[in-house]
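The sequence and model come first, and the description follows.

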Amino acid sequence: MQLTGLLGLAPSLPVFGRNGPPSDDARPSDYRLEIAPVTLDLSPSHHVRTVAYNGQAPGPLLRFKEGRPVTIEVANRSDRPEVVHWHGLFIPPDVDGALEEGTPPIAANASARYTFAPRPSGFRWYHTHTMAMNDLTRAQYGGQHGFLMIEPRDDPARYDGEFFVALHDWDGHLLASDDGAMNPGYTVATINGKVMGHGEPLRVKAGQTILLHVLNSSPTEVHWVALAGHRLQVIALDGNAVPSPQTVNMIRLAPAERACVLVEMNNPGVWVLGEVRKHVQALGMAIALEYENRSGNPVWTQPPELVWNYAQFARAQASGSHADDANAANPPGADASAESPIVVPLVFESKFRGHGAMERWTINGASYPDARVAPLIRGRRYRLQFVNRSIDDHPVHLHRHSFELRSLGVPLSGARNVAGAPGATPADIHGIIKDVVLVDANTRTDVEFTADNPGASLFHCHQQNHMDLGFMLLLDYA
Amino acid sequence: MPDWVMSERSRGAWGARFVRFVRFAGLAGLAGFARFAAFCLLTAAPWVTHAQANYEIQVYGAETVPPGTLMAELHSNFTLDGQKYQIDGVYPTNHQEHETVELTEGLNDWSEIGFYIFTSEQDGHGVQWVGDHIRPRVRVPDSWGWPVGVSVSTEIGFQRAAYSTDTWTWEIRPIIDKSIGRWYFAVNPALERTLHGPDVNQGLGFAPSAKISYDFTRVVSGGIEWYADYGAIGNIASVHNQQQQVFVVTDLNVSPSWEINFGVGIGATGSTDHLIVKAILGRRFDWGHHSPVD
């Protein structure tokens, strides 16, 4: 649909679904996003021609009230069909923002409105859900990502200020890599769209407690982040409160993962919040944190090693029932405790296509759209066994649901039991609710979720090049 | 490359090196392969030269050795059917066994420096030191985003007169390569000059080489390498006096740390050794402790 005056034509715009109370097609939009080409100045010497939301990357911070219907009008001023995925929300497939689930695309130079009742509360994000293939300027390689905060009816967190921080990699090009295939490499890395030294610092006061919402919007890269001179108390992962908040020196975020961390401002100065790995920080992925009345060059303290473990945030002891976990991971009303979970092995493998090409990916031996599993039964608890038989790590994401981590990093030799043979029994963990988990190479990770949000739900690796090349699976309900 | 050293370089470690490395062949089946081989033999045909000897037979890929890394390679070449007579005091190449040690150290993300120790073993002459070369190389950094790999090496060195009438030689070698799916292409249009020896007044010589290979699997690649020496630019040698040689090669990409290449080469002109077998075995060593935070 051609639009010349968005607001004037609003009543005739297509409306992508609703959730919750019925809404009128003529309902005015609450928010407006414009997808359009833009040149971003990452630094005085780094300019990227890309496509972004409202002319900025990250896009505008959207704050929705949990459960309160909202309408977002999206104008696509780019030259290609687009779709906006509301990552981490339990909303219907026609509005979730995945073409594979049935969300209609927004044609080039057309507009549409998304209407839904956002839930659950927490730190989510929105981004394009299109394909890039070999064009490393499109889709998630570009600037189409933004913060989405679903505000709870009652926020128990105590903090004096909050900052939203997005990690992103730019200017991708294909390079030979140690897996024997081509993979994207980057020449610029930013925080909130700026190379270190070219963005506004995070300004704080001594004695404050700040809440950092950190998003890894990188198309393919895992990132490690630390704040020099300070420690980070992780209180939520992927927007969901963790049962055991821990104070750590750094966080690790795979593509699409988020972390919410509290930081005590107890060490006045000017510090660097940045990527821990030197070669990535050197590409620009850092930002200054500046105490009031302090000045000077930001100080960085180099950690000697990379440390991260999801399990440290799990419930101390497996005391809760599955029902507890299910209710935490899914909307109220699920009755998941009655039966044992249905086990669904998902085996990830690559197909070599030449040293000069990216690999093709399969789930249970088939690439999207040929990959299949049995339809989900509404209300049943499922245990997905992610068996990563490749030498790459995979940040896998399940749309429209959250899952609970149950076991992590079981060596693959012990994971052969997915084919029926006995194997190592993974240590159970409980209580960590996420929508993305990084499955290490040659290991198995198990998650559980309750199938209580009927409709097509896409499961995929959040590495853009992997999902482009087959690493997707559509789960549907019986 | 100096006419006495058929060079071809590619750094073989899996990742960044592997891909641009010596891969070859496949060519849509044996029929296609045979047609391509015949094409190479016919079009690249003629060549020659005296004092032709093969110490390093390799087509260079554009990648360089990463900083803090040493690539140690052993080039083993045996001339099954070569020059049988001593000419101008140069030993015949027939049944010469050449062992060349090559050590290449990465300097930074876009440069390296290599050293060569050439040796020869032959009945009646025993094991002999032949000479040494030094070869710095720079490449276009990945960040430039060029659609092909490009680097330039320059090589200078000495070889004993018993193995080459030209004892000091210099070479500059542009290197262009590209991987497309399972195919790999590399071209080295090298220029060389004699600094000391009978050919010192001949100016620049043109000694191109090229490679095309195909990845049959992640591990096994196969292809063709072509080496030529047309003599001085502006005074191209007659077909008989050119060197033209085609190798059928395979590369085994068993690990990022190893480089393995085998080949059999046929010379097509009177001045080319007629049959050579070659092998390259390389191992990458990382110096010191590489922290994950680096």
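A residue is called buried when its relative accessible area is under 20%, exposed when it is over 50%, and partly exposed in between (1.4 Å probe, protein chains only). At 46% relative accessibility, D428(A) therefore counts as partly exposed.

The model is predicted: local features need pLDDT of at least 70, side-chain atom pairs count only at pLDDT 80 or more, and totals for chains, interfaces and linings use all residues. Residues are numbered from 1 along each chain as its sequence is written, chains are lettered from A and ligands numbered from 1 in the order in which they are written, and side-chain values use heavy atoms, with hydrogens and water left out.

**The two chains**

Helices (H or I, at least four residues) and strands (E, at least two) are DSSP runs, numbered from the N terminus. Chain A contains five helices and 32 strands, while chain B has two helices and 14 strands. Of the 478 residues in chain A, 61% are buried; of the 294 residues in chain B, 56% are buried.

Contact means heavy atoms within 4.5 Å. Among contacts with a separation of 6 or more, residues 24 or more positions apart supply 78% in chain A and 65% in chain B. Accessible areas come from the Shrake-Rupley method with a 1.4 Å probe; for residues, only the protein chains shown count as cover. Chain A exposes about 17300 Å², with 49% supplied by carbon and sulfur atoms. For chain B the accessible surface is about 11200 Å², and 68% of it belongs to carbon and sulfur atoms.

**The interface**

In the interface, 26 residues of chain A are in contact with 22 residues of chain B. The two chains bury about 1800 Å² between them, 57% of it on carbon and sulfur atoms; this buried area is the accessible area (1.4 Å probe) that two parts lose on being put together, summed over both.

Two salt bridges cross the interface of chain B and chain A, a salt bridge being a side-chain nitrogen of Lys or Arg within 4 Å of a carboxyl oxygen of Asp or Glu. R218(B) pairs in this way with E359(A). On the side of chain B that touches chain A, α1 (14-19) and β6 (168-180) of chain B are the elements that give two or more residues. The largest share, five residues, comes from α1(B).

**Salt bridges**

Over all chains the structure holds 35 salt bridges.

| Salt bridge | Closest N and O atoms |
|---|---|
| R218(B) and E359(A) | 2.6 Å |
| K434(A) and D238(A) | 2.8 Å |
| R139(B) and D142(B) | 3.1 Å |
| R383(A) and D428(A) | 3.8 Å |

K434(A) forms a salt bridge with D238(A). This pair links distant parts of the chain, 196 residues apart: K434(A) is in strand β28 (residues 433-434), and D238(A) is in the loop between β17 (232-237) and β18 (240-248) of chain A. Both K434(A) and D238(A) are buried.

R383(A), with a relative accessible area of 11%, is buried. R383(A) and D428(A) also belong to a network of salt bridges whose members include R381(A), E404(A) and R444(A).
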